[in-house]
Amino acid sequence: MNHTDHLDETEDGYIKIDRYNEEKITSVANHYKDILSQLGENPEREGLIKTPERVAKALQYLTHGYDLNPAEILRGAMFKEDYSQMVVVKDIEVFSMCEHHMLPFFGKAHVAYIPNGHIVGLSKIPRIVDAFARRLQVQERLTNEIRDCIQETLQPAGVAVVIECKHLCMAMRGIQKQNSVTTTSAFTGEFAKDKTRAEFLRLITANLH
């Protein structure tokens, strides 16, 4: 496979690397050139000459989650620890693509787990959110996949996931409700109990400083 790496500046200790498969880029770009023509545009005009390639690269980046193994990401930073209180990572930025219209949806994810002998490096929680989000998705499945990955890999006493997103397929087309927010949730184990779930919901809505 022919990959080209594009390195951007370091952010939070990580170097962002965009990996492009040049054969796929060329193939997808050719299709988009035809799509532009079908829409009545001239793909040869100055502003659109490089658009098919840019779109192809953007789509490959926005769906690179198919090449990631979220469970392996978690297992790479699991540590034995005698800690059994709730661990919450909230306000994780989410960007994904709706599989029905291939328009973006975006918002925040809030994830918690109760350790049962193992904890995981905190940066790994946002990374698995990204790994599942960078695929063609529906918000309901995305919520369940994050929950199930953490539950099956860490085997904690419970997992909680809440995602709040705006969907451009609702804001730009269809019913055109620009301010609608969709909330989905998924729980396992201890979070099935009203008291534990209520504590989690209180923590993710609190303004802690």
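Predicted model: local features only at pLDDT ≥ 70, side-chain atom pairs only at ≥ 80, totals over all residues.
Colleague: Which residues does H167 touch, not counting residues up to four places away in sequence?
Modeller: Residues are numbered from 1 along each chain as its sequence is written, and side-chain values use heavy atoms, with hydrogens and water left out. Contact means heavy atoms within 4.5 Å. By that rule, H167 touches P104, F105, Q139 and T182.

Colleague: Is H167 buried or exposed?
Modeller: Buried means under 20% relative accessible area, exposed over 50%, and partly exposed in between, using a 1.4 Å probe and protein chains only. H167 has a relative accessible area of 12%, so H167 is buried.

Colleague: Which side chain does a polar contact of 2.7 Å join to that of H167?
Modeller: A polar contact is a pair of N or O atoms within 3.5 Å; within protein, one must be able to donate a hydrogen and the other to accept it, and residues adjacent in sequence count only if both atoms are side-chain atoms. Here, at 2.7 Å, the partner of H167 is Q139.

Colleague: In which strand does H167 lie?
Modeller: Strands are DSSP runs of E, at least two residues, and helices are runs of H or I, at least four, numbered from the N terminus. The run covering residues 158–167 holds H167, and that is strand 8.

Colleague: What is the order of the five strands in the open sheet?
Modeller: Two strands pair if DSSP finds at least two bridges between them. The pairing in this sheet is mixed, and the order is 7-4-5-8-9.
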